Amino acid sequence: MRQIASLAGLKDLVGQELAVSDWLQITQERINQFAQASSDHQWIHIDAERCRRESPYGMPVAHGFLTLSLLPMLLSTAVAFPPCKLAVNYGLNRVRFPAPVLVGQQIRGRMLLQALEEIDGGVQMVWEVTVEAESGDKPVCVAELLLRHYG
């Protein structure tokens, strides 16, 4: 866990990879829960038997948006920020899913602080988060995550 003493101190860290999260296993249960929450029940995510027969991967794969939804959690388990009044996921600049996440794979996030900008009442951080799978050659997600911390 990378401890950030102050948001002002982040200015010196722009352009650096600051942390790598712990590994997180992507289970079929998590995929099914995301399918239920998002109403995305496409067979490639939830039908293991059909995946064995028809999918090029031979097994279910996680939704790309499931992987994306885990970015704030991966960041929060890798970087400890000083207390603030309000933290907001402000959005994304770019998102790509270069490789699938297979059921049962473990993923982790690499956190590079790309930019830091002062805003009214706080700071906006742009994090380049590269999510990798334990046994994969390519990243499974690369995204620019915008976070705002106020007060």
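Visitor: How many bridges join E7 to strand E8, and which way do the two run?
Guide: There are 11 bridges between E7 and strand E8 (residues 139-150), and the two run antiparallel. Strands here are DSSP runs of E with at least two residues, helices are runs of H or I with at least four, and both are numbered from the N terminus. Two strands pair if DSSP finds at least two bridges between them.

Visitor: Before we go on, where does this model come from?
Guide: It's a predicted model, where local features need pLDDT of at least 70, side-chain atom pairs count only at pLDDT 80 or more, and totals for chains, interfaces and linings use all residues. Residues are numbered from 1 along each chain as its sequence is written, and side-chain values use heavy atoms, with hydrogens and water left out.

Visitor: Back to E7 and E8. How many residues sit between them in the hairpin?
Guide: The E7 and E8 hairpin has 5 residues between its strands. Across that pairing, tryptophan 127 stands opposite leucine 145 in E8.

Visitor: And what about E6 and E7? How many bridges there?
Guide: E6 and E7 are joined by 12 bridges and run antiparallel. They form a hairpin too, with 2 residues between them. Glycine 121 is in that turn and has a positive phi of about 85°.

Visitor: Which residues face each other there?
Guide: Methionine 111 has valine 129 in E7 as its bridge partner, and glycine 109 has valine 131 in E7.

Visitor: Which strand pairs with E6 over 3 bridges?
Guide: That's strand E2 (residues 17-20), in the antiparallel sense. Alanine 19 has methionine 111 in E6 as its bridge partner. Strand E3 (residues 24-25) also joins E6, through 2 bridges and again antiparallel. Leucine 24 stands opposite isoleucine 107 in E6.

Visitor: Is E7 mostly covered or mostly open?
Guide: Mostly covered: 11 of its 12 residues are buried. Buried means under 20% relative accessible area, exposed means over 50%, and partly exposed is in between (1.4 Å probe, protein chains only). Tryptophan 127 is buried, at 0%.

Visitor: New topic: rings. How many aromatic pairs are there?
Guide: The structure holds 2 aromatic pairs. Rings of Phe, Tyr and Trp (its six-membered ring) pair if their centres lie within 6.5 Å; planes under 30 degrees apart count as stacked, over 60 as edge-to-face and the rest as tilted. Phenylalanine 65 and phenylalanine 97 make an edge-to-face pair, 6.2 Å centre to centre with 90° between the planes.

Visitor: Which parts of the chain does that pair tie together?
Guide: Phenylalanine 65 lies in helix H4 (residues 64-69) and phenylalanine 97 in the loop between strand E5 (86-96) and strand E6 (106-119), so the pair ties together parts 32 residues apart in sequence. Phenylalanine 65 is exposed at 57%, while phenylalanine 97 is partly exposed at 37%.

Visitor: What about the rings of phenylalanine 81 and tryptophan 127?
Guide: Their centres are 6.1 Å apart and their planes are at 75°, so that pair is edge-to-face. Phenylalanine 81 lies in the loop between strand E4 (79-80) and E5, and tryptophan 127 is in strand E7 (residues 122-133), so the pair ties together parts 46 residues apart in sequence.

Visitor: Which residue does arginine 110 pair with at 3.4 Å?
Guide: That's glutamate 17, with 3.4 Å between the closest N and O atoms. Arginine 110 lies in strand E6 and glutamate 17 in strand E2, so the pair ties together parts 93 residues apart in sequence. Arginine 110 is partly exposed at 26%, and glutamate 17 is partly exposed at 41%. Arginine 110 also meets glutamate 132 in a salt bridge (3.3 Å, N to O). That pair links strand E7 and strand E6, 22 residues apart.

Visitor: Which residues are linked in a network of salt bridges?
Guide: Glu49, Arg50, Arg52, Arg53 and Glu54. Within that group, glutamate 54 and arginine 53 have their closest N and O atoms 3.8 Å apart.

Terms used
A salt bridge is a side-chain nitrogen of Lys or Arg within 4 Å of a carboxyl oxygen of Asp or Glu.
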